[in-house]
Amino acid sequence: RNHPDHFQQQPKQKPPLQISMPARGLERNIPRYDSAAPGDEDCEFNTACAPEEQVERVQVNSLNRGSYVMLRGRPCKVIEYDASKTGKHGSAKAHLVGIDLFTGNRIEMIAGTKDKIEAPIVRREDYTVVDIVDDEFLTIMDNQGTLRHNMRLPSNEFRGSITEKVEQDIEAIITVISVGREEAVVAIKDAK
């Protein structure tokens, strides 16, 4: 029992390393993005594919109708914004309703008015329609004269108008919005 070998010190082991990681996203399930690996072409716009340079952080109480915001990981245009008063047990809340810019789906979310949320940086560009290839792709030209052949012919209400103008050799200008890798035609007009 009192043998000297019995009291020999055991080598000290280091305690396991504990790292506290920040929460993935803000309180109340506000989505947060992880940047995608470069060259991930088959990825659609979602939380794993939103490049950090395509979004900015804004405070929820600075939003209003017509603002662009990321709701449930999708770029949306706010159509309704209702803020509640500060309650007995917490901060004021905002009820956001938005329309997805690319699918047209209605998305709702509730967030604290002091929280920060991501807003997409929406690019808006005008192109001249040159041709339709294989009834699927548009050949379009930007203001600098650069041709693009990879724009899909939209499946929305603009498809008929674009097809009609190309068949009648009427020069048409389309307005395209884009966020990340997604883009959509949002307007069409005759060139002047």
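The secondary structure of the protein chain consists of 1 helix and 11 strands, where helices (H or I, at least four residues) and strands (E, at least two) are DSSP runs numbered from the N terminus. From the N terminus on, the order of elements is β-β-β-β-β-β-β-β-β-α-β-β.

This is a predicted model, in which local features need pLDDT of at least 70 and side-chain atom pairs count only at pLDDT 80 or more, while totals for chains, interfaces and linings use all residues. Residues are numbered from 1 along each chain as its sequence is written, and side-chain values use heavy atoms, with hydrogens and water left out.

Of the 192 residues in the protein chain, 35% are buried; buried means under 20% relative accessible area, exposed over 50%, and partly exposed in between (1.4 Å probe, protein chains only). The accessible surface of the chain is about 13100 Å², and carbon and sulfur atoms account for 47% of that surface. These areas come from the Shrake-Rupley method with a 1.4 Å probe; for residues, only the protein chains shown count as cover. Among contacts (heavy atoms within 4.5 Å) between residues at least 6 apart in sequence, 51% join residues at least 24 apart.

Most residues other than glycine have a negative phi. R72 and D169 each have a positive value.
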